Amino acid sequence: MIYRGIVRRVVIYTALLVALNVVLLAVRAGGERKVGGVHPVRGGIVFDVGGRGDKSFNDSAYRGLDRAVRELGVEAEYIEPGEGSDRESGIRLLAAGGFDLIIGVGFIFSDDLYNIAKEYPRTHFACVDYAKFDEKGFVVPPPNMVAIKFREEEGSFLVGALAALVSKTKAVGFVGGMDIPLIHKFEAGFRAGARRVCPDCRVMVGYAGVTGDAFKNPAKGKELALAQYAAGADVIFHAAGTTGLGVFEAARETTKYAIGVDADQWNEAPGRVLTSMTKQVDVSVFETARRVRDGGWQGGVQQFGLREKAVDYVYDEHNVALIGSAVRDRVEALRKEIIDGKIKVPER
Amino acid sequence: MIATLLSLGFFAAVVRITVPYALAALGGTLSERSGVINIALEGLLLFGAFSSTIGAWFGHGPVAGVLGGVLGGAALGALYALLVVTLKGDQIVCGVALNLFADGITRFLLKATFDSSSNSPRIDAWGHIGTTLILVTVALVALFHVVLYWTPFGLRLRAVGEHPEAAASLGVHPARIRWAALVLAGAVAGLGGAWLAADQRQFVAGMSNGRGYIALAAMIFGKWRPAWAAAACLLFGLAEALQIVLQASGVGVPAWAVQMLPYVLTMITLAGFIGRAQAPRALGKSD
């Protein structure tokens, strides 16, 4: 009996909340917002799995917007979603809040950003690594949305060549996270680069899994790397999120080399990180924010590659001794050939 | 290829992969034999991994780390016992809730402690305790078997799992037994988490990565018996290690098909084709 009262109250409150929700749905950030004029541009980032502090992808995007805050006077907001559906609500929160630019860090945002961009045609959206496909193939984003794409295969080609040139065993390895086309680009470039300078080198490949969880399974990454090291590889390139932390741990234990990804990962295993294939997400984020503020916004796919210096590899005072100038010169020659279009790097 | 599979390195990989499965499965066996479904194994592993990292970081050593993992797991196990034994909550719902809680709280504390939502710094203080933990795991499998089948506590625990009213009529307190079972289950699964953290020498958000659910499947495959559950874990570990080696060797065997095998076997077991998988009779009943 006592429960009936409670149940009724719960039902009433739920109904009230639903009603409130419906009312609020109709509320949009109204009025004509003048971008770049009196009020500062408001930019929001929704981070991918891994979040801030991943020392990689998300942190790089953060640096990009942070630089825009300092140099362009942009106002910034950062949202770190937890599991699953929080991502969409994070974007909706910013869109409803009247932000001028909303950036989703990671291919996982493709569908949500695409849909919400169509609902808010006056708001600018950007999706890093955008990849939306339907039965007819690639889906071009609406004009108020930018698909930031990187030519990862070009950077991977250079570290592949570098790995093969440094390898003493004539065997190098690749550890990928999720077994998907985006990660295949890294593998294809790496393989082509290694083969280019060393046609009889072996290239071993391992993927951690077929779900998004494959990007955060360091124990699996370590085992994949240990197996490749045991089979003769002495340099392993990873494109596997925090799964790659296991690759570095394996490199430490076996005193062999690993190659980082997205950001300079030297600090994960100093002395064992041969180099890192960097994706300057910050460059693309800053550039996008600048275009929103100063005009010159252009929707659609924007490719960032070696030519734009948006993919690169690390060569600094830490790893100069590991690589050496002869190898460096050889790799730089390859860079020039790619930029000049003499080498076409495969994507798969 | 064959030489690789016969090598010590491959055997070591199998064992390394098996340890967290086995420890979580032992915890699962204990709690389910007392009549409580333990879908929270995943959260216990994850929370154990984090609390052991805290132990190793602030205690500057592997012993503090292991202790942290065990205590953290036991604490979360106690919370689970409070929810499902004392407050008689639905075991599946509470278990899922606990897994979500573990994922959230570890991220929150990771951020608060190490200012990163991704991973802790590397903790060199872990040293090399892998071999020790492997031996401890083997000893625990034997110990759990002895406790469950050869001690009065084990008899009472199994009685509570089959028919709590009958056990109660003989003076056994089902609630107390289940509390003990769940706290112990949490402790041993927490040790599994400590293994994960020690093997990487750091905590990474979400690093349990579904291992708790695999342990659950292995426990069912082992028909709720500690030694058999551990053997099932070894089979799962073998399949995973084989899949890894197959990928590295580049031979044309479909690697994912190999890793699928244990799950197919588990489903066959559940469907009753390999003998009967008989769950404890009072399993999942709140009172």
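Select strands S8 (171-178) and S10 (235-239) of chain A: the two pair in the parallel sense over five bridges.

The model is predicted, so local features need pLDDT of at least 70 and side-chain atom pairs count only at pLDDT 80 or more, whereas totals for chains, interfaces and linings use all residues. Residues are numbered from 1 along each chain as its sequence is written, with chains lettered from A and ligands numbered from 1 in the order in which they are written.

Eight of the eight residues of S8(A) are buried, that is, 20 or more other C-beta atoms lie within 10 Å of their own, whereas 12 or fewer make a residue exposed and counts in between make it partly exposed, with C-beta atoms placed from the backbone.

Next, select helix H8 (residues 244-254) of chain A. Eight of its eleven residues are buried, so H8(A) is largely enclosed by the rest of the structure. Among the buried residues are Leu245(A), Val247(A), Phe248(A) and Glu249(A). What do the buried residues of H8(A) pack against? Their partners include S8, helix H7 (218-230) and S10 of chain A, together with H9 of chain B. Just after H8(A), Thr255(A) takes a positive phi of about 45°.

Now colour chain A by domain: domain 1 covers 36-150 + 280-311 and domain 2 covers 152-278 + 315-339, bounds that come from an automatic or database domain assignment. Their C-alpha centres lie 28 Å apart. In contact are 18 residues of domain 1 and 17 residues of domain 2 of chain A, where contact requires C-beta atoms, placed from the backbone, within 7 Å. Helix H2 (residues 57-72) of chain A gives the most to the domain 1 side, with three residues.

Turn to the boundary between the chains, where 29 residues of chain B are in contact with 31 residues of chain A. On the chain B side, the elements that give two or more residues are helix H2 (8-33), helix H5 (91-114), H9 and helix H11 (226-249). H11(B) gives the most, with five residues.

Finally, select Ala25(B) and Ala218(B), which touch the most other members of the largest nonpolar core, a set of 193 residues. Such a core consists of buried Ala, Val, Leu, Ile, Met, Phe, Trp, Tyr and Cys residues joined through C-beta atoms within 7 Å. Helix H9 (residues 174-200) of chain B gives the most to this core, with 16 residues. Domain 1 and domain 2 of chain A both give residues to the core, so it lies between them. Around Ala218(B), display Tyr21(B), Ala25(B), Ala229(B), Ala232(B), Cys233(B) and Phe236(B), which Ala218(B) touches, not counting residues up to four places away in sequence.

Note on methods. Helices (H or I, at least four residues) and strands (E, at least two) are DSSP runs, numbered from the N terminus. Two strands pair if DSSP finds at least two bridges between them.
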